[in-house]
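Please open the model in your viewer and keep the selection tool at hand.

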Amino acid sequence: METKQLTVNVAPSSDEGHYVKGARKVVDIEMDITESFVVEGKSTLETKNHTSIDLDEDCLINTQVVFNPFSKMYEKVVD
Amino acid sequence: MGKLEKLTKEQEKLMIQVRDEWLDRIFDCNTNLDKDGAEKGIEWLYELSGLKKPLIIQVESPMGCQYAAHLMKNMPKKLDSVGASVNASVVDSVVDSVGDSIRHSVRASVRASVRHSVVDSVNNSVWHSVGDSIRHSVRHSVIDSVRHSIRASVSHSVIDFQDFCYYGSIRDYGWVAFYDFFNRIGIFKNEGFEKFNLLLKSGIYDMIQLDGVCIYCKLPNNITRNNQEQMHNISGYSIEWGDGYGQHYVNGRFLKPETFNKVLKKEYTIEEFFKEDNEDIKSAIIGLIQEKYGDEYLFHFFSKNLHEVDTYTNKKEDKYLINTIGMNVGVYSLFKGNINNVDVAYVRCYCPSTDRMFFLGVENHHDNAKDAIASLYRVPKKLKNHIKYIQRQGERFSTVFDDLGTTMLKKITKRDVSDTLALTGEEYFNKITYEY
């Protein structure tokens, strides 16, 4: 059926985004360094290039980091 | 009359036929433009939205639409003699007005008709087989990527990017095909829907809707895709229009022409590779090198500057391998070397969903792949001892905590989530479950 579901992009720096669908509440805690979100309620994490993941319990979503040897700093992964 | 509760065999056959007709319209690349039909449809669209009749400009490609919009916006006033009030003030986008009209006058109306006449299970089934399927293949895999790449390339030029339309492009194929099926089996009659349907069937790819001017382009002449229906071509453009404009994609990931051509000419260097800050683009470059020149060339590309130090294989339980792909799930190799007099270390790993290869930077002090890859996961320091399990989707981790940790999570602050630490390899791999 053509339906609309509330979705929240928990990967704002990602070209494609990673979307939490069906959660009771999604709270953005920190967006600059770790892109951290607290997700409450059973939901699904969906994105274009990866299999969807069931989020069965409340959780923290944050981003992977990589070490840039040229700047000698950790950076959030950009995709 | 009762609701439609089950499709007949003939209707099921028609459903697939409708889906394929819409997909073929773009992917067969031989749909001729019905210019007259397109222009009538655009005039109707503007009329429906209460807008004045526009000057209609047809170009070959979506980039052509951007150039045309730029020219229209910068046209000197003295050339304002084309009879459609075209001048430098004609810059306002009317996508909101057009969008509202289609949404309220057409889409809402046909949605109500179908919901009134068809049970949810049939509705769901047709949406899954037709609407959603087309939306994935056309909207997600083609037009959204093309628009995104045009916006990115235009933003680095002297042209201001002009938003494309909300309604009136191949982006609408999914929902229109869904209702087209119900229309064909006689569930509803709606003049507005039929006109919008005809507009899309005229062979329009995309359009820019301005006040007084509408610029649209034709469907592409060529689209090349891989077996996962992602745009993909290792020899040339994956999508190309009649004016020669095209875009390069490798397994669905856009590559700039200069990068694509350098790789093809074997002029792309490892220094350029590691300066690229987008991991998906790096993975697409690896895919292009690998598919074009083979694993041996790929190995030499990296081995000139990097040597393998250690490999760790995380053997997962079978249940965690469902919906993963390839033989490389859980294989991590640590490479070290020197690039431009900088000591570097990278972990080579593979995407469990697509088997794409990644090289992720780690600190040079690591001497084993297990600890090195674990160092890229971060958890707030105050929650470290409360981790129940970790899941990963690409570069996003979801971490579930025990009861105390979950209570603490509800009160977590910005400072808390920024004060993080890494786990050891042993700690990390004891907690990670699903990885996609």
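How far apart do the C-alpha centres of domain 2 of chain B and domain 3 of chain B lie? They lie 27 Å apart. This is a predicted model, in which local features need pLDDT of at least 70, side-chain atom pairs count only at pLDDT 80 or more, and totals for chains, interfaces and linings use all residues. Residues are numbered from 1 along each chain as its sequence is written, while chains are lettered from A and ligands numbered from 1 in the order in which they are written.

Select chain B and colour its domains: domain 1 (9-219), domain 2 (220-304) and domain 3 (307-436); these bounds come from an automatic or database domain assignment.

Next, display the contact between domain 2 and domain 3 of chain B, to which domain 2 contributes 11 residues and domain 3 contributes 10. Two residues are in contact if their C-beta atoms, placed from the backbone, lie within 7 Å. On the domain 2 side, select helix H9 (270-275) and helix H10 (279-303) of chain B, each of which supplies at least two residues. Helices (H or I, at least four residues) and strands (E, at least two) are DSSP runs, numbered from the N terminus. H10(B) gives the largest share of this side, seven residues.

Now turn to chain A, where four strands form an open antiparallel sheet in the order E1-E2-E5-E6; two strands pair if DSSP finds at least two bridges between them. At the edges, select strand E1 (7-9) and strand E6 (53-55) of chain A, each pairing on one side only. Finally, select strand E5 (residues 43-47) of chain A, which pairs with E6(A) over three bridges in the antiparallel sense. There, A:Thr44 has A:Asp54 of E6(A) as its bridge partner.
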